[in-house]
Amino acid sequence: MEHLQTQGISLPRLGLGTFRMQGDICRAAVESALGLGYRHVDTAEMYGNEDAVGAAIATSGIPRKELHITTKVWHENLAPDAICRAFDASLNRLRLDHVDLYLVHWPSRNMNLPAIFETLLKLKQEGRTRAIGVANFNLALLKTAVEQIKAPIACNQVEYHVLLDQTKVAKYLAAKSIPLVAYAPLAQGRAASDETLISIGRKHGASAAQVALKWLLDQDSVAAIPKTSRAESQRANLDALKLKLDDEDRKAIAALPKDKRFVNPGFAPGWD
C-alpha cells in the first residue's frame, strides 16, 4: 500500500476509521481489517473504543513497527495538564508504549495553541508519540499553527469527500507538504447511492463507493479513513486502490454539488 511521508512518519494512505464502533464490534472490525492487510487504524479518546482497538492490536501478532495508530485528544482536555492525563489514559487503553500520531481532535474557542503544541511537542520528544497533528482546523487556525507557532504538524484530518469542497484547506496543506486525512470519505454512505458515481462505477466494474474513495486517493497528499465494521466493505475499500479513473470520470465528479457537510465543525468562527 502507498504511504505518505510526513514529519518522520510513514502514513498508509488507506486506514480504518472507528468512529461510532465500540466494544466487541469494534474489536472484531479492527481484527478483520488487520487480517486483510490494513496497517493504519484511527481512533480517539472521544470514541470510547481505544480499549477495543488495543485488544485487537494485542492479539493480531503484527509487529508494532508495521502498524500506524492515530488517536486524538478531545477539545475539553486541551489544557497542558489535561492533555498529559488524556494521553496517558489513551496509551493505557491502547496497551501501547507509543502512538504514531496524536491529534488535537477539535479546536476550542478558549484554547491556548502555543501551550497545546508545546505540550504535544514534549510528548513527541519523549518518544511517546512519533508525530503530532490536528483535526478539524480551518484555514485561519492552520496558518496560526504552521506560520506563527511553527508547529511540526503531520496532518490535518477533516471531513472530505466527493460532495464537499475542501479546496482552500487542501491547497494550503499541499503547499506546506502536510497531508490531508479525509474522514467520512464516503459521505457517510451517501456516495454509494449517487447516480453519477454508480454510472462511473458500472463503467469500471466497481461500486460507487469505490469510485468515491479512489477519487480521494488519486489526489496528492490525501489519505482516507473510511469506517466500516464489515469485512466485505473493508475488502472493497482495499480493492478501490486498483481502480483507474479517467479524465471523463474526474470531470463528472467535479460537476457534482460540493456543499454537503455532514459533520458540523461548530467551534472556531469563520469556518472555511
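In the predicted model, the largest nonpolar core comprises 76 residues, of which Y102, F117, L120, L197 and I253 touch the most other members. Helix α8, spanning residues 208-217, supplies the largest share of this core, with 8 residues. When residues up to four places away in sequence are not counted, I253 touches V162, L197, I200, V211, W215, L245 and K258.

Helix α7 (residues 195-204) packs against α8 with an axis separation of 7 Å and an angle of about 95°. Angles of 65 to 115 degrees count as roughly perpendicular, and α7 and α8 are therefore assigned to that arrangement. On the α7 side, the contact is formed by L197, I198, I200 and G201, which meet A208, V211 and A212 of α8. The residues of this contact comprise 6 nonpolar and 1 polar, with no charged residue.

Helix α7 also contacts helix α10 (residues 247-254). The axes of α7 and α10 come within 10 Å and cross at roughly 170°. Because angles over 145 degrees count as roughly antiparallel, α7 and α10 are described in this way. In this contact, T196, L197, I200, K203 and H204 of α7 meet E248, D249, A252 and I253 of α10. The residues involved divide into 4 nonpolar, 2 polar and 3 charged.

Terms used:
Residues numbered from 1 in each chain as written. Predicted model: local features only at pLDDT ≥ 70, side-chain atom pairs only at ≥ 80, totals over all residues. Heavy atoms only, no water. Core = buried A, V, L, I, M, F, W, Y, C linked by side-chain atoms within 4.5 Å. Buried < 20%, exposed > 50% of the residue type's maximum accessible area, 1.4 Å probe, protein only. Helix = DSSP H or I, 4+ residues; strand = E, 2+ residues; numbered from the N terminus. Contact = heavy atoms within 4.5 Å. Axes fitted to C-alpha atoms, helices over the stretch in contact; angles between N-to-C directions. Parallel < 35°, antiparallel > 145°, perpendicular 65-115°, else oblique. Nonpolar A, V, L, I, M, F, W, Y, C, P; charged D, E, K, R; others polar.
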